[in-house]
Amino acid sequence: MMSSVTDKGQETLSLLMGKSPTNGSGEQVHSDGESMEEEVEFNWEEYLEEMGANAAPHTSFKHVEISLQSSFQPGMKLEVANKSSPDTYWVATIITTCGQLLLLRFSGYGDDRKADFWCDIMTADLHPVGWCTQNNKVLMPPEDNVYLRKAIKEKYSDWTEFLIQELTGSRTAPTNLLEGPLRGKNTVDLITEGSLMELQDLHDPFLYWPAWVVQNVGGRLCLRHVGIDSDAHDTWLFYLDLRLRPMGWVQENSFQMDPPAELRSLKSAPEWQEALDRARAEAEKKPLPLEIFKDHADLRKHSFRTGMKLEMVSPQEPFHIRPVSVTQVYSEHYFQVTVDDLTPEAVPYSVVCHAESPGILPTQWCLKNGVSLEHPKGYQSQDFDWADYLKQSATEAAPDACFPNTSINRGFSEGVWLEVVNPLKPSEICVASVQQVRGRLMWLTLQGLAKQLPEFVVDVESMDIFPVGWCEANGYQLTPPHRPVCAYLAPATARFYIFM
């Protein structure tokens, strides 16, 4: 208790002497007008208690839940050393996982769980199926397990016949997760700095270019296009984002490999080609484990047609919802929408979408949910009416069947707190609160910014939102709320501790 009073007293003394206080590391905290930011370590638990508020449930963040899963999946099979005879092995099936622990069941027990056992990936003698054959090791049930041996013998003439039956069509645990530096790692930890992926272009769904991982923060990746040296064009994406593919995917699927149009002038064609060749050679030497992409969602087919109109969270300003039009259909999976702008000087702003794109909504969604819809720029009438607008433009509304489930809210509710990517500065994650939830959209207020942003709109399945404590758990800087502190005279007790 004394030390905390002393620290506060030292800060007070600094204020009385006209100095900027320090943050405990000797760094000065500069004042801002008549108030200053209290540079103490931010504590979520204390803050929520102070605000009388709750954190959003961890289960609301599907992408984070997936990222915490083990790379080992229930149903995978592996070869396990027999404790009674360490030179022999037997096949076991993964029942469940808990961190680096696996719950296993020896083959032959069927659905009987009475002999399930736990083992630690990091210390147990575990191998992928086929390892014993390659290394001249004996595969047989544990000698001291009379029950298991009898159960198998009753149905099969020998162990080999049983194993053929047991292993046909099964999945083995990946070798790289049982041996070497990646042993026991979660899927997200398999992505290391320098890893290479193919990144889809923002404006052309058939165009890709390799990017390497500059930083991996709990699965949130800072990516830099191959051939670019500065961080000016870095992209932040969660590893589950559909824009990311393993190296070689583009070639296998006959897509186009070119740098983004906005970057092409930075290098000559031979320089780009050289960068691409180097990246491919590097990826061959150190391929990224394909387990990383096992949880990528499959795109469902869309049913949008050119000319259809809909509502969408503005891709330029995610503080508004605007009318947009389908201006191009690329394929059964991708289409383009363009923000409606009726002004003569309009410069079209378009984005690529798919059936599950966050923020796309049917017409009348805002009206039905009591939310403001921004009028198209240049729209003459004071009141916007979809029926009139469709009639004037001789267009049709996209039917409701085109859209993802618009009512899912994943357990978010008004007043809960979370950590959110600043939409105007993707490298920054801030403390935020939910102001309202309408269907699958939330309105959030960011805290701690030098210049306050309006409430912005985010889909409940966005991969730019995180549970309370995520930044701390992943060693990433969280922008805390502003906590102004007024200068004051130290109480007598505090002064006593200062001058002792």
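**Reading salt bridges in a predicted model**

Visitor: What is the relative accessible area of glutamate 332?

Guide: Glutamate 332 has a relative accessible area of 42% and is partly exposed (buried is under 20%, exposed over 50%, partly exposed in between; 1.4 Å probe, protein chains only). The model is predicted: local features need pLDDT of at least 70, side-chain atom pairs count only at pLDDT 80 or more, and totals for chains, interfaces and linings use all residues. Residues are numbered from 1 along each chain as its sequence is written, and side-chain values use heavy atoms, leaving out hydrogens and water.

Visitor: Which residue forms a salt bridge with glutamate 332?

Guide: Side chains of opposite charge can pair when their charged atoms come close. A salt bridge here is a side-chain nitrogen of Lys or Arg within 4 Å of a carboxyl oxygen of Asp or Glu. The partner of glutamate 332 is lysine 301, with the closest N and O atoms 3.7 Å apart. Lysine 301 sits in the loop between helix 8 (269-285) and strand 15 (309-313), and glutamate 332 in the loop between strand 16 (321-329) and strand 17 (334-339), 31 residues apart. Helices (H or I, at least four residues) and strands (E, at least two) are DSSP runs numbered from the N terminus. Lysine 301 is exposed, at 53%.

Visitor: How many salt bridges does the rule give?

Guide: The count is 17. One of them joins lysine 62 and glutamate 461 at 3.7 Å, N to O. Lysine 62 is in helix 3 (residues 62-67) and glutamate 461 in the loop between strand 23 (456-459) and strand 24 (465-466), so the pair ties together parts 399 residues apart in sequence.
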